[in-house]
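This report goes through selected features of one model. The sequence and coordinates come next.

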Amino acid sequence: MAQFNLKKFTHFCALGFGLGLAPKAPGTFGTLAAIPFIFLTMMAPLWLQLVVAIAICAIGIWFCDVASRDAGVHDHPAIVWDEVAGFYITMIGAAISWQTLLVGFILFRFFDIVKPWPITLLDKHVKGGFGIMVDDILAGIFSLICLQLVVYYGLI
């Protein structure tokens with residue numbers, strides 16, 4: 001059984017501030033940890049949202065790498081910073097409302113769970129902190145594109 005220590009900053013963050021310890025659907029609960037970042041930057045210019053996304057991803061590679069090595073398990077389900085990054089990416093440039101948050105959340109969880117090609121390829125073949133993060137980053141990009149199309153065509 002993997003051991004995490006929430007007193008360690010890297011573990012606390014990698015586990016989505018503890019949300020990844022949910023007994024059921026830790027990835028789904030962990031995705032919610034992105035909401036404070038989304039709300040803090042929702043009025044920021046697009047360039048700043050992109051900088052924040054890059055920072056969340058870059059530091060996430062480190063968080064996930066340290067937590068997975070310390071726990072001795074690659075991509076343990078409780079490690080959810082990758083979901084935080086993916087959902088944040090999904091919401092870049094979106095006019096934030098409960099509708100866009102809900103649709104973005106559903107889209108991201110869909111792509112994160114189903115893992116269509118090339119997401120599944122990356123998930124299976126890339127290791128370490130980058131491997132934990134990269135499939136969710138791509139799922140976030142797919143979700144961002146779909147959300148923008150849904151909004152553009154007035155479906156929400």
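A nonpolar surface patch is made up of Ile 141, Ile 145, Leu 149, Tyr 152, Tyr 153 and Leu 155, which together have about 700 Å² of accessible area. Patches consist of residues with over 30% relative accessible area and no salt bridge, where like charges are joined within 9 Å and nonpolar side chains (Val, Leu, Ile, Met, Phe, Trp, Tyr) within 5 Å. Areas are from the Shrake-Rupley method with a 1.4 Å probe, and for residues only the protein chains shown count as cover. Leu 149 is partly exposed, at 44% relative accessibility; buried means under 20% relative accessible area, exposed over 50%, and partly exposed in between (1.4 Å probe, protein chains only).

The model is predicted: local features need pLDDT of at least 70 and side-chain atom pairs count only at pLDDT 80 or more, while totals for chains, interfaces and linings use all residues. Residues are numbered from 1 along each chain as its sequence is written, and side-chain values use heavy atoms, with hydrogens and water left out.

Helices (H or I, at least four residues) and strands (E, at least two) are DSSP runs numbered from the N terminus. The expected span is 1.5 Å times one less than the number of residues. Buried residues of α4 include Val 52, Ile 56, Cys 57, Phe 63 and Cys 64. Their cover includes α1 (9-14), α3 (35-41), α5 (81-90) and α8 (128-152). After α4 comes Gly 72, with a positive phi near 75°.

Helix α6 has 17 residues and reaches 24 Å from first to last C-alpha, close to the 24 Å expected at 1.5 Å a residue. Among its buried residues are Leu 101, Phe 105, Phe 108, Arg 109 and Asp 112. The cover over the buried residues of α6 includes α2, α3, α5, α7 and α8. Lys 115 follows α6 and has a positive phi, near 50°.

**Salt bridges**

What is the count of salt bridges? It comes to six, where a salt bridge is a side-chain nitrogen of Lys or Arg within 4 Å of a carboxyl oxygen of Asp or Glu. Three of them are tabulated here.

| Asp 70 | Lys 8 | 2.7 Å |

In the salt bridge of Asp 70 with Lys 8, Asp 70 lies in helix α4 and Lys 8 in the segment before α1, so the pair ties together parts 62 residues apart in sequence. Asp 70 is partly exposed at 36%, and Lys 8 is partly exposed at 35%.

Asp 135 is buried at 1% relative accessibility. Salt bridges that share partners join Glu 83, Arg 109, Asp 112, Lys 115 and Asp 135 into one network. Lys 115 counts as buried at 18%, and Asp 112 is buried at 6%. Leaving aside residues up to four places away in sequence, Asp 112 touches Glu 83, Asp 135, Asp 136 and Ala 139; contact means heavy atoms within 4.5 Å.

**Cysteines**

How many disulfides does a search of the whole structure find? It finds zero, a disulfide being a pair of cysteine sulfur atoms within 2.5 Å. Cys 13 is in none, and the nearest cysteine sulfur, that of Cys 64, is 10 Å away. Cys 13 is buried at 3% relative accessibility. The sulfur of Cys 57 has its closest cysteine sulfur in Cys 64, at 10.0 Å, too far for a bond. Cys 57 is buried at 11%.

**Backbone and loops**

Trp 117 and Pro 118 are joined by a cis peptide bond, with omega about 5°. Pro 118 lies in the loop between α6 (98-114) and α7 (119-125).

Phe 17 is not a glycine, yet its phi is positive, about 60°. Phe 17 is in the loop between α1 and α2 (26-31) and is partly exposed at 32%. Ala 25 also has a positive phi, near 50°. Ala 25 lies in the loop between α1 and α2 and is partly exposed at 42%. Pro 23 is placed in the loop between α1 and α2 and is exposed, with a relative accessible area of 81%. The C-alpha atoms of Pro 23 and Ala 78 are separated by 9.1 Å, with the two residues 55 apart along the chain.
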